[in-house]
Amino acid sequence: MEAVAEHEQIETESGREVLISVRDLVVGFGERTILDHLSLDIYRGEILGFVGTSGGGKSVLTRTILGLVPKRSGTVEVFGQDLDALTPQQRSAIEQRWGVLFQQGALFSSLTVKQNIQFPLREHLNLSQSMMDDIAYAKIEMVGLKCDAGEKLPSELSGGMIKRAALARALALDPEILFLDEPTSGLDPIGAGDFDELIRTLQQTLGLTVFMVTHDLDSLHTVCDRIAALGEGKVIAQGPIETMMESQHPWLRAYFHGARARAVRSER
Amino acid sequence: MAPASLLDVRHDGTELKAIGAGSWTAENADALEKLVSDAAREHASAGHGQIDLSQVDRMDTFGALLLERLRRSWSDGGVEPRIVGLKRRYNVLIQEMSRMGHEPHPAVRRRERLLEGVGHNVIDIGHDAKLLLNFVGASMAAGLRMMMRPTTFRFTSMVNQIDRVGLRAVPIIILITFLIGCILAQQGIFHFRRFGADIYVVDMVGVLVLRELGVLIVSIMIAGRSGSAYTAELGSMRMREEVDALRVMGVDPIEILVIPRLLALVIALPLLTFIGSMSALFGGGLVSWLYGDIQPGVFLDRLKDAIDIDHFLVGMIKAPFMACVIGIVACMEGLRVGGSAESLGAHTTASVVKAIFLVIVMDGLFAMFFASINM
């Protein structure tokens, strides 16, 4: 409740603050339209899972919100500000309030993990070296790595450690929104489960809002507050997992009631 | 109510009181750090302490970390502070922070010292020489195996490589060697004219271009242009485990990747050397005519007298050897690339530098050899 009280807020019917609002977004490459008048809201403090077919435009939506892919039309508002109407300074200020975990981690390969985490701090803040070291090691511990990982180069880390280190870098500036692109892909089920739990813990500790592109049915069941499904360039359904399970859309039925989905449910 | 300061420290009788206010977040971390380190020194005289955070309205990891610093330094000094007024939603964050930072930080990677670096480099050079020999051996073995089973030879791949390193290099080779020929002739005429020996410029250009410069310039160009491309190609294949994929399918990467590239260079480089030499002679002739008033007919007659077939052969014989050096160094460096993009860049640079170095060393050895057989 307090979180709402101290920020300028945009109220919706549901009474929750909208952090990211995508309206009528159209994105395409050449002849092909990937996102066709897509609209989506992301509320403060939730973990939104975003599902859809491979190559269906999930990553394209993330990248469009982040400004990495140009859009044909539509608006993207973050913290109530239209991203197209911003000066470069304002944009940079917004970019400091979100953190991104790329699918392959995208750690800078020539820097150690500690230097990777300190990179945004060095760019945007004016801190002493001892403070930056403390912050870097705090983030390293927060994502569940051992301190000695700090002096390692990304090439010396395993897949799971790379994801965690990249998450630590995404969290370096204490962002309010965290974008995760398939955070659990390439991890074994136990590692993936731990990572889900980590995201949940961090979300509670830091009060994050998480936008998570995922294929992992386990993650959808355990950590996501709300799920949005992408089909034919639009959001075909959104709501908590129960809504998804009850949906009559053929693709959603196949996705949430397929053999793999049944296996996940029977474990529960 | 604008808070005057992020952190105020007061002595209240025997109690030491720190009063925080405002946003304890990343933007203010710099200022707050200084205040905290000042406040941390205040503990000596006090009996007990209190940290009042009721006016702190926002806090993130940065603020929580600094709070933890203050708390620890006071409690190390014998004052166990009570933290009061902290907003409930930050409790988890503070608890997390107090749990952390007990592990000592690992030692920072030390930069190597000058002498240490020299030592490492010497060892590396020895190591490199061994690897180069190893690779030459492996390539020869693969080449011999292919001769036994000629059907396994990747003819298409080789033709494709010849197109890339040979045909497509022709324009730039023609341009560069033409310019070198022009410059050589201009300099020759300029200096020989003082002795009235203009005509000897033809001898100089002819001998220099055919024996040395033609093959040297072309080799250096190809080392930069195609050697680096080989290294980068093979290197990125290694990064994406494509080379390992070949190996587990029972295919020797040297046979399939290195031999066609090497042969393509061995075929293309002599051809390019010939084209380059002719282009340089043409450039020399053109400048002699326009700048030195030596008519083309006179130039050609003089050229015929000045050079014989040996000069031409000396240049051409060297070309395939240069091709082997460039190809082997480039492929070897490519297959040594490790996992990172940085390693790809380092090996590509190393490939070009080593190839050019070895080309020039080879040229020197050839010069001694040809001198001793009077060629």
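# Exercises on a predicted two-chain model

In this predicted model, buried residues account for 41% of the 268 residues in chain A.

**Exercise 1.** State how many helices and strands chain A has, and what percentage of its contacts with a separation of 6 or more joins residues 24 or more positions apart.

*Solution.* Begin with the secondary structure: chain A has 11 helices and 10 strands. Then turn to the contacts with a separation of 6 or more in chain A: 64% of them are between residues 24 or more positions apart.

**Exercise 2.** Describe the side of chain A that touches chain B: how many residues are in contact, which elements give two or more residues, and how do the residues divide by type?

*Solution.* Step one concerns the count: 29 residues of chain A are in contact with 29 residues of chain B. Step two identifies the elements of chain A that give two or more residues to this side, namely helix H1 (2-5), helix H5 (129-142) and helix H7 (189-206). Of the elements, H5(A) provides the largest share, eight residues. Step three sorts the residues on this side of chain A by type: 11 are nonpolar, 10 polar and eight charged.

**Exercise 3.** Locate Asn374(B) and decide whether this residue is buried or exposed.

*Solution.* First, the position: Asn374(B) lies in the segment after helix H12 (341-372) of chain B. Second, the surroundings: Asn374(B) counts as exposed because it has 6 C-beta neighbours inside 10 Å, and a residue is exposed if that number is 12 or fewer. Third, a distance: the C-alpha atoms of Asn374(B) and Asp310(B) are 9.7 Å apart, while the two residues are 64 residues apart along the chain.

Note on methods: Residues are numbered from 1 along each chain as its sequence is written. Chains are lettered from A and ligands numbered from 1 in the order in which they are written. This is a predicted model: local features need pLDDT of at least 70, side-chain atom pairs count only at pLDDT 80 or more; totals for chains, interfaces and linings use all residues. Two residues are in contact if their C-beta atoms, placed from the backbone, lie within 7 Å. Helices (H or I, at least four residues) and strands (E, at least two) are DSSP runs, numbered from the N terminus. Ala, Val, Leu, Ile, Met, Phe, Trp, Tyr, Cys and Pro count as nonpolar, Asp, Glu, Lys and Arg as charged, and the others, Gly among them, as polar. A residue is buried if 20 or more other C-beta atoms lie within 10 Å of its own, exposed if 12 or fewer, and partly exposed in between; C-beta atoms are placed from the backbone.
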